[in-house]
Each structure stands twice: as C-alpha cells, then as structure tokens.
Amino acid sequence: MKFQPVSAEQALMLLGPTLALLFASCFMWLWRKHGRQRCVLYQAAAFACFAGGAALEGLFVTRGLGISSVLASLFYSLSAWLLANGFVCRARERNFRPVLYATVFSLIVVGQLYFCYVSPQLATRMHILNLGCGLMLLLAWSKIGVLRRGTFTNRALYWVYTSFMISLFLYAIRLSVASIRSEAAGVDQVAGWAATHLVSVLFIVVLSVLLLIGVLEKKIADLRSDRDHDMLTTILNRRGFLSHAQPALNRRTADRAAASLLLVDLDDFKLINDTYSHAVGDAVLAEVGRIIRRTIRAGDIAGRIGGEEFAILLPATDILGARDLAERIRVSLATNQFPGLPHTHRVTASIGVASGRLTDTLYTLMDRADSLLYEAKRFGRNRVMLPA
C-alpha cells in the first residue's frame, strides 16, 4: 500500500484541532480542580467541538463533499454557540435567546445538507457556516459589553472576540463576491478554507491564553477574597480592612475631601458567650455583620477587626453624616431580634466616631475613634460618642 503524504493544507488543518483539544483538556482540568465554574465548562466544550470539526475537515475537505464535511460544520456551529454562551456567562449575564440560537443552528444544518447533497457547492456551504457562526457570536456580543470595563484580560478578551466575529462576516462577504465572479472553485476553495483555518488557529491560541489567564486571575482574586474576609460575618477581616481602608483614605487626602471612621464594639458580648454558648455568640456576630452590610453605603468599607469590634471607614463623609450612620447602626442593633437569644435580650453597641484631618493616617484616625469608643463605654454604653 502506497503511503500518501499529508498535504500542507491538511497539516495546517490538523494543527487547529490539536491545539483546540489541548486547550479543551486544560479547561476541563481547571473546571474540575478549581470551583467547577460554568463559563470554564462552556469554554472546554467549545474547544472540544472545534477540535472535532477541524479534525473531520482536515481529513476530508480535499476528498470531496460528504457526510464528514457536514458533521464538521455542525461541530463548528456547536462550538460557536458554546463559545458565545461561555462569554455571556463570564460577563455574568443571562442569555434569553434560545429560539434565535436554535433558528440560526437549524438554518446552518439545512443549508449544509442542501448544498452538500442536492446542489453541491462548497463555497456556498462555507458562506453559510461563516455567516451562521458569526450570527451566533453577534447574539451574545450585545451582552458582553461589561467586559470592556473590566480587567485588562477581560478587555482583551472582548476585543479578540469582537475581531473574530467581524472576521467571520468579512470572510462570508469575500466568499459572496468570489462566487459572483466565479473565482471560488477547485483549488481556490481549498486554499480559502485553509486560510480560514489559519485565522482560526491564531484565534484559538490568543483566546485560549487569555481565557487561561482570566481563570487564573479569578482564582487568585478568590484566594485574596478568602484571605481578606471574615468567614463568620462575611465582611472584611482586620487585614482586609487595613489593606482596603488606607488606599481609600489616601485618595481622600489627594482630593482634599472629608472622611470619617466608626469603631463599633458590642456591649457585654462575653456575657452572651458565657450564658448562651459560643454557637449563639457566633450567630449574633453573623447577624451583626448582616446589619452592617445592609446599613452602610456603596463605597464605605467595613471590617471585623477584633472579636466583637468592627470598624467602618466612610470616605467623603463629614462628622454629621458619620453620626447619622452610626445612629442607624446602633438603633438597628438595639431593636433587632437575634437568633438564639430570648426576646427580652437586646444586643447593644458603643460607637466612637472620628472625623479625619488631611494629615491623618488610618491609624491616627482609629486611635481617636478608639478613645471616643471607651468614652461611650464609660458613660453607660449603647451610645454614639462624637469628638467634643
């Protein structure tokens, strides 16, 4: 049996599925090992489908039309749908267009079958496939605009996605013009298909690297969030509060704006632990964290900095605004029914309020608020203490 060497076109076409399968395996491993994120699963499936389509195409595109070529087109269509949904998922949006996707997919299937068996025309099938996949990406494009305002990686992903979507439409237009001029026949068709594959291979490499960086960035961000947040109250812990509050205070200093800080300490919290158990005490702390999250505003920074002590930085807030927010927290605590405690038991807090000077650091601001907090304790607890 005579050995048939692989042509340059076939070698190029087999490079795509090899890379796609490699990246699909990487995404599946990341999905299984790091949180089982739905967008990562979509990406793995998209690259796997592309690999299947490209493998069929690379083996059979130069051997005439047939079922393998139709199947390759279906794999490509599925890949485009999965990729589009993966990006929508990454943008944390919901895609409400299943009917449109199903319509586009059905048109691709019908067109591939008709121009394969009824009126064999390779150029027309290429035109339908590129146009259909481009439409699928376009359906999701309007929902991923949020990525443009995200991290550098998300912005890069948005523009790579947009560029590839536009390239599919441009190639479909070029095919239409070539068909009108009767230039898309024979070898030219195969060469054109190979050129499309070259663009696809470049897209796979760039997109996959960016997606992998994005997954790793999210993993690092999750680890930082776990490190900086208190698991019980779900607000920042002491480390997280200090690392977030000082830069916010520095920005306030640069803008010459006011800033205030609250120190909140629960009154007689040890009595709750000793009387009702530490489990009830933990439930009380968790509820306090919920009340603080519900009460503070966007841009305020809250953290649990001690056992029953909380700090809240209020950027761009003067002493009167800080007093009002402190009173809302105090009243919310005093009137709330806490889980595990009798109805007659009220949880109260003493709060010290300090307003920042432009020369203040976070620590000097906390020292002044701490002194006012102990003044509130000394004068009977369950009160807000302001500077004289």
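The legends below describe close-up views of a predicted model.

**View 1. The largest nonpolar core of the predicted model, which holds 51 residues.** Within this core, the residues that touch the most other members are Phe27, Phe47, Phe87, Leu137, Ile144 and Leu207. Two or more residues are given to the core by each of helix H1 (8-33), helix H2 (38-60), helix H3 (67-90), helix H4 (98-118), helix H5 (122-141), helix H6 (152-180) and helix H7 (187-228). The largest share comes from H2, which supplies 10 residues.

**View 2. The surroundings of Phe27, one of the residues that touch the most other members of the largest nonpolar core.** When residues up to four places away in sequence are not counted, Phe27 touches Val40, Gln43, Ala44 and Phe47, and also Ser208, Leu211 and Leu212.

**View 3. Asn237 in the loop between H7 and helix H8 (238-255).** Asn237 counts as buried because its relative accessible area is 16%, which falls under the 20% cut-off. A polar atom of the Asn237 side chain lies 2.7 Å from the backbone nitrogen of Gly240, and a polar atom of the Asn237 side chain also lies 3.3 Å from the backbone nitrogen of Arg239. Leaving aside neighbours within four places in sequence, the residues in contact with Asn237 are Arg227, Asp228, His229, Asp230 and Arg304.

Note on methods
Residues numbered from 1 in each chain as written. Predicted model: local features only at pLDDT ≥ 70, side-chain atom pairs only at ≥ 80, totals over all residues. Heavy atoms only, no water. Core = buried A, V, L, I, M, F, W, Y, C linked by side-chain atoms within 4.5 Å. Buried < 20%, exposed > 50% of the residue type's maximum accessible area, 1.4 Å probe, protein only. Helix = DSSP H or I, 4+ residues; strand = E, 2+ residues; numbered from the N terminus. Contact = heavy atoms within 4.5 Å. Polar contact = N/O pair within 3.5 Å; in protein donor to acceptor, adjacent residues only side chain to side chain.
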